[in-house]
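Work through the exercises below with the structure open. Try each task before reading its solution.

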Amino acid sequence: MQSRKFLDYTLSLAKQGIRKYKVFGATFFQKGCKEDCKKILDIYSEHLYTIYMKERNIIHIDADAFFASVEKSLNPVLRDKPVIVGGDENQRACVHTASYEARMCGVKTGMPIQMAKKLCPEAVCLKGDFRRYRAVSETIKKILYRITPYVEVSSLDDVYIDVTGFKRFFDSIYKVTNYIKSEIYEELKITVSIGAATSKLVARIASARNKPDGITIVPSGMEKEFIAKLPVSELPGIGRVSERLLKGIGIKTIGDITKVSRDLLIQLFGINGKKIWEYANCIDNSPVKAKVISKQISRETSFEEDTDNEEIIIGTIAYLSERIAYKLRENCWVCGSVRLKLLFSDNVNTAHSRVLSEVTDDSGIIFKEIMRIYKKIHFRRICLRLVSVAVGKIERKYRQAILFQNESKKERLNEKIDTVRYKFGFTSVYPANTMPLKTKYRMEKHGYILHAPSLSQ
Ligand SMILES: [Mg+2]
């Protein structure tokens with residue numbers, strides 16, 4: 001393809017959104033015109049970049065005093081009290097998270113608990129429970145998936161989402177951010193701070209500007225102005241050492257960095273200097289990376305002793321289907337096929353799969369389909385040693401944005417079940433057909449302790 005034609009084409013695609021352009025770029029590379037294409041990209045990248053930046057809408061969501069807020073949300077007695085998570089007061093441990101009440105007394109992250117307790121004697125010190133925080137983090141992710149599939153979890157309590165094109169569903173970016181805040185509060189009773197901008201970098205800086213419970217929106221074109229007056233320490237990647245170095249040459253604010261040459265920063269900081277210069281100039285086109293979807297989810301267990309007890313076998317299949325469906329919903333995925341594998345006591349195994357007529361994340365449907373296979377393949381009069389249930393053809397679950405009225409009753413029920421499980425443990429709700437397992441296995445809050453522990457997730 002001639003360069004001119006290619007350029008016109010890429011520019012026209014770029015105007016519609018960089019993603020298409022990137023896809024085109026990739027196909028073009030494959031056709032063997034790599035060098036030519038690269039040259040054009042170099043010359044015009046800045047231009048393309050400007051168009052792209054204007055079109056992106058990135059939101060950064062950061063939960064306020066996350067661990068402490070989760071503890072408060074789960075225990076109303078703590079609601080107005082200063083809470084410190086990290087260890088109990090007699091332990092030699094450090095503060096991991098302090099609630100805002102404790103912070104007001106001077107408690108800081110990393111401080112020894114005993115010192116924190118002296119500063120804030122009425123503070124409640126807790127060891128914390130990572131599993132709980134992860135469950136809340138998963139729920140936040142799920143809420144965000146209702147808006148967009150482009151969700152990138154940066155850590156347990158901060159997430160980026162790309163809502164480019166939100167205008168189809170919301171009037172303004174403010175409405176998007178407000179919707180996120182109110183949904184998270186409604187479901188989890190924790191507050192978050194939100195930043196919205198045209199890049200991940202600026203959205204992240206913005207979310208930290210108005211904590212706790214704040215929203216900061218940086219309109220397109222205002223990014224540089226917005227970060228210019230902030231101290232250099234607000235820029236990601238600048239620690240205490242770099243801050244001191246910069247101060248040494250008279251650079252105090254991010255705006256000051258933009259006044260020096262890139263080469264000088266490279267001399268000072270090596271390869272990081274380039275990044276610092278780019279960040280200070282609001283150049284950040286890193287995409288929001290959505291989670292890679294698993295190809296298959298499987299759950300299996302062997303029996304304590306080989307069994308032909310139908311109640312136990314069917315109960316186990318129901319339980320494993322339930323675990324799989326829970327995992328699917330946790331990730332906002334649906335599956336399009338199911339598979340059952342049986343291993344008999346004479347070591348003969350048999351497996352069969354079925355393609356579903358419609359994708360699903362419902363354990364009832366998965367179980368029903370698995371049972372159809374079971375009836376087909378379990379005809380040998382021999383005891384079973386192991387059952388394995390798996391789902392495949394997994395894809396992201398798309399909903400009609402926020403038009404929840406289209407949701408089926410079943411979906412609403414599943415959502416409620418997940419909420420109850422998040423609060424009281426997996427086994428707080430379980431299907432009746434898994435009851436026979438109670439006679440065989442110990443039931444803990446997060447599930448049955450099956451015979452093969454590594455398989456009982
Ligand atoms: Mg946070």
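**Exercises with solutions**

Buried residues (20 or more other C-beta atoms, placed from the backbone, within 10 Å of their own) make up 34% of the 457 residues in the protein chain. This is a predicted model: local features need pLDDT of at least 70, side-chain atom pairs count only at pLDDT 80 or more, and totals for chains, interfaces and linings use all residues. Residues are numbered from 1 along each chain as its sequence is written.

**Task 1.** Find how many helices and strands the protein chain has.

*Solution.* Take helices (H or I, at least four residues) and strands (E, at least two) as DSSP runs, numbered from the N terminus. The protein chain has 17 helices and 15 strands.

**Task 2.** Work out the strand order of the open sheet formed by three strands.

*Solution.* Strands pair if DSSP finds at least two bridges between them.
- Start with β2 (residues 83-85): three bridges join β2 to β4, and the two run parallel.
- Val85 stands opposite Leu126 in β4.

**Task 3.** Say which residues Ile161 is in contact with, leaving aside neighbours within four places in sequence.

*Solution.* Contact requires C-beta atoms, placed from the backbone, within 7 Å. Ile161 is in contact with Ile59, Leu144, Ile147, Thr148, Tyr150, Val151 and Val288.

Technical notes:
Contact = placed C-beta atoms within 7 Å. Buried ≥ 20, exposed ≤ 12 C-beta atoms within 10 Å, placed from the backbone.
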